[in-house]
Amino acid sequence: MEQLVKNTKLYLFDMDGTLYLGDRLYEFTKELLSEIRRTGGKYLFMTNNSSKSVADYVKKLEKMGISATREDFMTSSQATAYYLKQHHAGKKLYVCGTKSLIAELESEGFETTTDLDETECVVMGFDTELTFQKLWDVSKILLTKKDIPYIATNPDLVCPTEFGSVPDCGSVCIGIQNATGRTPVVIGKPGALMPELAMAKLGYKKEETAVIGDRIYTDVKSGLNAGVTAILVLSGESTMETLAESADKPHYVLKNAGELLPFFHKI
């Protein structure tokens, strides 16, 4: 672990379940982020949660006492916008997502619509403002426009809260699949795109980069797919039991990200 900390220059942190839980910041988070910067490293907050815009996340962290800017984030919303520009530029989007997700995509130059006839691409996000009308609309679009592109920001089945979990984007996509037979192109973790965009943005190599998160099927798998160090923390969703059952194994397993601190203190 000491050698890992010496060699790693870019840390890509999952957020909920890794640095905080709900609105409760873990006690080690501020010091850990400070130590990374003190020792010359960089970090980005890399989250699959598309219910909040980057501006929303900046405000959330500020309330917790962590100073952040837009440049400190790599979100599934940003990665989705990148993918859409590469493959579906200029298409009108029906977004089953929050007002924040819609604003994020519109800020990237996309036109959104609630007119089903005008819709040229469907984007599914983690929608904390979900209504049955949205589910109805998405089902109708996917069933009546057989070849329309269908994109999901992330595959997470649940989102952790202080009391347990609530359904996330992946669970809603399963419901839509049951209704329409359609499955989306999934953009966020476990895909390699987010770590790859982060490394390209900041100019770091794979051997200098680590992904840290509490989920094996998103965070760890994303790190493995991108060819970087994958670190699992047991402060959120995953347990030793789920790790034992998983075919995907992280390079390191920690009780929480705070276990990295003693190794930074040696630098």
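This is a predicted model: local features need pLDDT of at least 70, side-chain atom pairs count only at pLDDT 80 or more; totals for chains, interfaces and linings use all residues.

Biologist: In what sense do β6 and β7 pair?

Modeller: β6 (residues 93–96) and β7 are parallel, with four bridges between them; two strands pair if DSSP finds at least two bridges between them. Within this pairing, Met 124 of β7 lies opposite Cys 96. On β8 (residues 150–152), which also runs parallel to β7, there are three bridges to β7, and Tyr 150 is the bridge partner of Val 122.

Biologist: Are the β-α-β units around β7 left-handed or right-handed?

Modeller: The unit made by β6, helix α5 (residues 99–107) and β7 is left-handed, whereas β7, helix α6 (residues 132–144) and β8 form a right-handed one. A crossover is right-handed if, with the strands pointing away from the viewer, the path from the first strand over the helix to the second runs clockwise.

Biologist: Now the packing. How many residues are in the largest nonpolar core?

Modeller: That core has 32 residues, and Tyr 11, Phe 13, Leu 32, Phe 45, Leu 61 and Phe 73 have the most contacts inside it. Helix α3 (residues 54–63) gives the most to this core, with four residues. Another core, of 27 residues, lies apart from it and includes Ala 79, Val 95, Leu 197 and Val 228. A nonpolar core is a set of buried Ala, Val, Leu, Ile, Met, Phe, Trp, Tyr and Cys residues joined through side-chain atoms within 4.5 Å.

Biologist: What does Phe 13 touch?

Modeller: Leaving aside residues up to four places away in sequence, the contacts of Phe 13 include Leu 32, Leu 33, Ile 36, Phe 45, Ile 212 and Ala 257. Contact means heavy atoms within 4.5 Å.

Biologist: And which residues of helix α2 are buried?

Modeller: In α2 (residues 29–38), the buried residues are Thr 29, Leu 32, Leu 33, Glu 35 and Ile 36.

Biologist: Why do they lie on the same side of α2?

Modeller: They lie on the same side because they cover an arc of only 160 degrees around the axis; the arc is that of the directions from the helix axis to the C-beta atoms. Among the elements that cover them are β1 (10–13), β3 (24–25), β4 (42–47) and α11 (261–265). After α2 comes Gly 40, with a positive phi near 90 degrees.

Biologist: Changing topic, where is Ser 235?

Modeller: Ser 235 is in the loop between β13 (229–233) and α10 (240–245). Ser 235 counts as buried because its relative accessibility is 18%. Beyond residues up to four places away in sequence, Ser 235 touches Gly 17, Thr 18, Tyr 26, Lys 255 and Asn 256.

Biologist: How many salt bridges does the structure hold?

Modeller: There are 18; a salt bridge is a side-chain nitrogen of Lys or Arg within 4 Å of a carboxyl oxygen of Asp or Glu. In one of them, Arg 38 meets Glu 35 at 2.9 Å, N to O. Both lie in α2, three residues apart, about one turn of the helix. Arg 38 is partly exposed at 46%, while Glu 35 is buried at 9%.

Biologist: Which residues are linked with Lys 85 in a network of salt bridges?

Modeller: The network links Lys 85 with Arg 70, Glu 104 and Glu 108. Between Lys 85 and Glu 108, the closest N and O atoms are 2.6 Å apart. This pair links distant parts of the chain, with Lys 85 in helix α4 (residues 76–87) and Glu 108 in the loop between α5 and β7, 23 residues apart.

Methods. Residues are numbered from 1 along each chain as its sequence is written. Side-chain values use heavy atoms; hydrogens and water are left out. Helices (H or I, at least four residues) and strands (E, at least two) are DSSP runs, numbered from the N terminus. Buried means under 20% relative accessible area, exposed over 50%, partly exposed in between (1.4 Å probe, protein chains only).
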